[in-house]
Amino acid sequence: MVKPKLFLGLSAIGILLTSMLYAGKEIVRVKEGLIVNFMGDSEEVVGKIESDLVDGSDYKNADGELTDEGWERMIADSYKFCEEAVEQGSVLIKNDNDCLPITKTNPRVTLFGNGSANMFMRSGAGGAAPNPDEVVDLGTAFEKAGFEINRTIYDKFERKDTKWLTDVSHNKSIESGSSFYTQEMKDSFSDYNDAAIITIVRIGTENTDPPAGALDLSDNEKSLLKMVKDSGQFDKIIVLLNAPMPMSMDFIENEDYGIDAAIFMGVPGYYGAKGLPHVLLGKSGDNLIDACGHAPDTFAASADSSAAYVNFNRNGSQGVTESALVTYLEGVYVGYKYYETRYEDCVLGQGNANGTKGIVLSKDNSWNYADEIICPFGYGLSYTTFEQEILGCKYNSKTDQYDIEVKVTNTGDRKGKASIQVYVQQPYTEFDKANGLGRPAIAIMNYDKVDVDAGQSVTRVVPVDKYFLATYDYKVDKQYVVEEGDYYFAVGNGAHEALNNILSVKAPSARLYDQWGNDVAGNPKCVHKEFIQEDKVSYRNSIYNEEDTVRVTNQFDDADYNYYANKNGKSTVTYLDRQDWEGTWPTKISTSPANSDDLNMYTKYAKTDEELSDIGYTDGDGTVYNVKLDEEIMFSDMADIPLSGKVEKGKFEGEDGAEIWEKFISQMDIDDLLVSVCDNRGILAVGKIAKLGNSIAEGPEGILSKFKYGNLSMWATGFPTGPTYTGTFDHEMQKKYGGFFGEEALYCNVPCINAPGCNINRTPYGSRASEYMTEDGVMNYLVASNVVGEARRKGLVMNIKHCFLNNAETARQGVQTYCNEQAIREIYLRPFEGALTKGRGLGIMTSYNRIGATYAATHKPLMQNVMRNEWAYKGQIIDDALQAQNNRYSHGPTMLYCGTDIFCLDGDRGREIRKWIIDNNDMTALRCLQRANKNIMYAMSRSFFGGIKVTKEDVAKQLNPTWKQAVDATLISASVVTGVLLATYIAFEVLNKLKIIK
């Protein structure tokens, strides 16, 4: 007897499975980019670049092609660079009693501390994975350099896993105290006593900032240091600081620990540690190695002592929050600009600078620079000695720069690398004082690195942009102004020495002292005084926009706490003013000046009046899109097409570039346009214009990708991190870093990457310091332009991040960040400005935080008025990875309207925008979608991808890979089987009712 219910049951199971498969297909649709990236079939191999805009690889063969042999040479040089970056970026902070370099042959040393076996190599914030067979730990590095290390001690340290080592909560628990060392272990000291080398680790990574006090020595670290000193066994005691941020340094001078030398080694990446013992030995093989790194940040006696730390964000938790806020009440007095300015005011007896506010370690109830600072910004010792002298200063009207001629003499007995750091003191005018404009006592303007033989002199000209001498007057004229007065240009070993040199000219009778409290005279030969007349014209309009008509004026009034306080009738705040350090010292601000409506990003979106009419979405209606051209324009046609002006060559020669771009974009319908704005570790292919899909890799410290040449199982290089390559104070080394990023991107076939990070290290507690560069805006401007510019020459688009005011990880999603526009312009925007203008960057990533009350990815003045107009930026803008969560914060159409082009790691955002456009008949949103595609296509056509010639057939294969065909086939098969089962059940039921069967 036939049982129809059996077929009913099977049909139900089939319907359930088919529904699950359909749901799975929808997940595949949303996550397709991630799957393509994982499967490794998202792109063709680069092979050969056919573009005049990209140099491509320095390792290509005679035919311009990438090869396995070229990869072999490139990767060897890339690893060598990691070693050199540590050699030149490690900072010798202390070197008493000629402790270093170690001159003994095959020195026998004891490595102390769990950190020596568990070195912090790279943050966990994306980026390259390790190649285990190539990773160099500290023990291996020392042994390869000829050291004999005390294995009785070293082998006792437990090896921690990578996850443990990137967990900030373990910052103070990594170390074992003196009780860990048994008598047997202590007995081994005497056989390896040429030096005790103690590694102190601090961890910084994404999502969580170190807890308060985490940058101070732990009790276990203190007991370890004291045990080593009290043992009396070691000829030298050397401390290595393995951290991305400057920790509290008061212990360096503590006599209980007897520390002879201290080196800030930063975070060396997976392969850079071999450079560190070379620094200690002062040589690598037969080649002399000088200690030549300089501090990229201020190393204070206490990491808590800056004016900025008072309002370091520790409010809220992870996830989108509207209640967390941070207010930058220190204004322009960030990092060394606080410490050095207060020092000058103490020396000159002005502004209540020696009062009690801000004291952490100063004695006698009076703020004292020498009690608060150990290593000033830019400071670093060498194995030789140098004298510097400014020979002259000339203004070059063609370049709008002051050319500072500096003579460097090596007065020691060995070859060395000298760091030329040019600083300036601008006049602190009565206008500044009357209007509460900040004016730091010292600011770095540029730098250079020179090799100088013993007893020899070298002369270099270091240019200083006059633009950097301008103050941003956000109160009265609301523009950049070069104020009239005396400008003191100076050189020195760091900001403090440069300032003392200036004060020796400006106030010759003042008592000057160094960071150790020793009296110093300053050197007038290191100073040039230049009287400059007031200039309100040169920078009134953008210096980057060729039309010279774009007015530079306030765009961030809404970022000021007082903007919303006045608007909503709440109490206002006072920014730190050097006229009264005591009376304006920052207080903790925990009350938001904004109301609920201010925080609603949904209200930031508006249609333009001309597009409110009822326009149907049929092909070609309204704005022109989905147009069938007489001759199709493909993506590979666009690499040589300018956004405006005449096309100089090719099949469109003589035509207007703007018109070609308009036609190119018009070919895509709404679904085509939505493809490229949605990123899932990459952008999918667009068949209609024959554009291959391209990856967007993670990688602030190296590319998260495997190579397509050479060893295909090998991950791209995990490089030394931001403070290390910045600490070289060497433009060429920083360009090398960008160059190797670009090289590895070619061999990985990655045309776009979310890197580098260039936010300001506002306080030492910012946990992503390993991604970032320094505490100084101009320094970051120069470093970022070096890295991004060189990578672009190779054909890599770098989405520099995170723009901007992203200086803490706690409650980073939604935190309200308030700052005045002078500090924004002179400090926090500078790195991004440098990357996109001087560095010719074509990618930028916005940040999670709010600028004032406005989410950064919906801050229209930032993205359109500043980036697009003032900086004449033509590339793409991607948000940080924030999937649709709530319309008040991350409303997709609003982000698109305000200037966001790509939604990072958000493959489903396209559906939201499509529905919005159709439901609201919104031509404005559609036009914004076209604008976003134009920006994306322009950027990618200028990457090496623009020089890869492909056809529609090539793209069709990529759009329908084998795994996707298998998914579709499985779904079709399941649907057919389920249909047959259901039809069989119905048929039997009918036959039963007709009593044809029983």
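Q: How many salt bridges does the count come to?
A: The model is a predicted one. Side chains of opposite charge can pair when their charged atoms come close. With a side-chain nitrogen of Lys or Arg within 4 Å of a carboxyl oxygen of Asp or Glu as the criterion, the count comes to 57 salt bridges.

Q: How many residues apart in sequence are the parts that Asp 58 and Lys 794 tie together?
A: Asp 58 and Lys 794 form a salt bridge, with the closest N and O atoms 2.5 Å apart. Asp 58 sits in the loop between helix H2 (32–39) and helix H3 (68–89), while Lys 794 belongs to helix H20 (residues 777–794), so the parts tied together are separated in sequence by 736 residues.

Q: Is Lys 794 buried or exposed?
A: The relative accessibility of Lys 794 is 3%. Buried means under 20% relative accessible area. Lys 794 therefore counts as buried.

Q: In which helix do Glu 69 and Arg 73 both lie?
A: A salt bridge joins Glu 69 to Arg 73, the closest N and O atoms being 2.9 Å apart. Glu 69 counts as partly exposed at 47% relative accessibility, and Arg 73 counts as partly exposed at 35%. The two residues are four residues apart, about one turn of the helix, and both lie in helix H3.

Q: How many residues apart are Lys 536 and Asp 477?
A: The side chains of Lys 536 and Asp 477 meet in a salt bridge at 2.7 Å, N to O. Lys 536 is in the loop between strand E22 (527–532) and helix H15 (561–567). Asp 477 is in the loop between strand E17 (471–473) and strand E18 (479–481), and the pair links distant parts of the chain, 59 residues apart.

Q: Where does Asp 901 lie, and what is its relative accessible area?
A: Asp 901 lies in the loop between helix H25 (892–898) and helix H26 (909–919). From Asn 749, Asp 901 is 152 residues away in sequence and 22 Å away in space, C-alpha to C-alpha. Asp 901 is buried, and its relative accessible area is 0%.

Q: Is helix H11 roughly parallel or roughly antiparallel to helix H14?
A: Two packed helices are described by the angle between their axes and the distance between the axes. The axes of H11 (residues 336–347) and H14 (residues 495–506) come within 11 Å and cross at roughly 30 degrees. Angles under 35 degrees count as roughly parallel, so H11 is roughly parallel to H14.

Q: What is the handedness of the crossing of H16 and H27?
A: The axes of helix H16 (residues 657–666) and helix H27 (residues 923–941) come within 10 Å and cross at roughly 110 degrees. That angle makes H16 roughly perpendicular to H27. The crossing in which H16 passes H27 is right-handed.

Q: Which helix gives the most to the nonpolar patch?
A: Ile 15, Leu 982, Ile 986, Val 990, Leu 994 and Ile 996 make a nonpolar surface patch of about 530 Å². Ile 986 counts as partly exposed, at 45% relative accessibility. Three residues of the patch come from the helix that gives the most, H29 (residues 962–993).

Q: Which residue with a positive phi follows H23?
A: Helix H23 spans residues 860–870, and its buried residues include Leu 862, Met 863, Val 866 and Met 867. The residue that follows H23 has a phi near 55 degrees, and it is Ala 872.

Note on methods. Residues numbered from 1 in each chain as written. Predicted model: local features only at pLDDT ≥ 70, side-chain atom pairs only at ≥ 80, totals over all residues. Heavy atoms only, no water. Patch = residues over 30% accessible without salt bridge, like charges linked within 9 Å, V, L, I, M, F, W, Y side chains within 5 Å. Areas by Shrake-Rupley, 256 points an atom, 1.4 Å probe, with all protein chains shown as cover. Buried < 20%, exposed > 50% of the residue type's maximum accessible area, 1.4 Å probe, protein only. Axes fitted to C-alpha atoms, helices over the stretch in contact; angles between N-to-C directions. Parallel < 35°, antiparallel > 145°, perpendicular 65-115°, else oblique. Left-handed = near helix turned anticlockwise from the far one by under 90°.
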